[in-house]
Amino acid sequence: MTHPPKYTPIPLPDRFDYTDEETRFHALSFMNFMRKRHTVRDFSDRDVDQGVIEDCIAAAGTAPSGANHQPWHFVAIRNPDRKARIRAAAESEEDTFYDGGAGAEWLAALEPIGTDKHKPHLTDAPWLIVVFAERYGLREDGEKFKNYYVPESVGIATGFLLAALHHAGLVSLTHTPNPMKFLNDMCGRPSSEKATMIIAAGHPSDTATVPEVAKHKKPLSQIMTVL
């Protein structure tokens with residue numbers, strides 16, 4: 001039986017000793033930068049080097065997690081045949097969704113976004129990144145151990161990944177076909193993991209558009225309370 005490492009404190013390895021003015025500047029700069037991030041469905045055929053994707057996923061791997069178990073796995077797919085298989089399976093699920101499975105209220109909510117059951121981004125984007133959440137872990141001797149705050153941890157890491165892709169000058173689209181069990185077999189992942197999202201990543205096409213409604217963000221007064 002293996003045991004987790006003991007608590008060993010070390011000095012803070014990195015520190016940003018900004019002045020108050022510099023802190024405000026960097027906070028504002030990052031906010032303005034992230035305002036330029038858009039969910040894009042129209043991708044060009046321009047390739048993206050694998051090293052860029054690796055660096056972005058490595059950045060996602062620095063996210064905080066429950067007990068530092070890091071309960072995530074990212075499968076990066078560039079093979080056209082694999083992407084085509086994923087698109088076919090995803091569109092099969094979307095057929096049911098858009099043919100009434102989602103319910104009228106949900107479909108009405110999606111109408112301003114302009115989505116439908118056709119998902120060309122799954123084959124057009126040079127990369128698909130499938131995000132998996134690890135329900136439980138396995139030690140080297142095969143013993144199971146529990147992971148904590150898995151949805152929260154994976155959600156934070158996914159946010160890091162989206163920010164990293166944007167920082168690299170790429171665009172992305174989050175896609176969540178329901179159900180997503182088919183992704184375990186297609187990606188060779190164990191039953192201990194659950195697919196949470198497909199992220200299409202690449203460069204936008206010259207004719208890329210975004211829904212006008214997507215630029216309507218809630219004002220700070222609606223998303224923040226100061227006590």
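**Entry 1: a surface patch.** I began with the surface and found a nonpolar patch made of Leu220, Ile223, Met224 and Val226, with about 440 Å² of accessible area together. Patch members have over 30% relative accessible area and no salt bridge; nonpolar side chains (Val, Leu, Ile, Met, Phe, Trp, Tyr) are joined within 5 Å, like charges within 9 Å. A salt bridge here is a side-chain nitrogen of Lys or Arg within 4 Å of a carboxyl oxygen of Asp or Glu. Areas come from the Shrake-Rupley method with a 1.4 Å probe, and for residues only the protein chains shown count as cover.

I noted the ground rules: this is a predicted model, where local features need pLDDT of at least 70, side-chain atom pairs count only at pLDDT 80 or more, and totals for chains, interfaces and linings use all residues. Residues are numbered from 1 along each chain as its sequence is written, and side-chain values use heavy atoms, without hydrogens and water.

**Entry 2: Val226.** I placed Val226 in the segment after helix H8 (220-223). Helices (H or I, at least four residues) and strands (E, at least two) are DSSP runs, numbered from the N terminus. Val226 counts as exposed because its relative accessibility is 67%. The cut-offs are under 20% for buried, over 50% for exposed, and partly exposed in between (1.4 Å probe, protein chains only).

**Entry 3: the sheet.** I traced an open sheet of four strands in the order S1-S2-S6-S5, with antiparallel pairing. Strands S1 (72-77) and S5 (171-175) are the edges, each pairing on one side only. Pairing requires at least two DSSP bridges between two strands. S2 (residues 127-134) and S6 (residues 193-202) share eight bridges. In that pair, Val131 has Met197 of S6 as its bridge partner. S5 and S6 share five bridges, and Thr174 stands opposite Ile199 in S6. I also checked the cover on S5: four of its five residues are buried.

**Entry 4: helices on the sheet.** Helix H3 (residues 80-101) lies across S1, S2, S5 and S6, at about 115 degrees to S1. Helix H6 (residues 150-167) packs on the sheet, touching S1, S2, S5 and S6, and its direction makes about 10 degrees with that of S6. Angles run from 0 to 180 degrees between N-to-C directions, using lines fitted to C-alpha atoms, for helices over the stretch in contact.

**Entry 5: Asn184.** I found Asn184 in helix H7 (residues 182-187). Asn184 counts as buried because its relative accessibility is 12%. Leaving aside neighbours within four places in sequence, Asn184 is in contact (heavy atoms within 4.5 Å) with Phe132, Arg189, Pro190, Ser191, Glu193 and Ala195.
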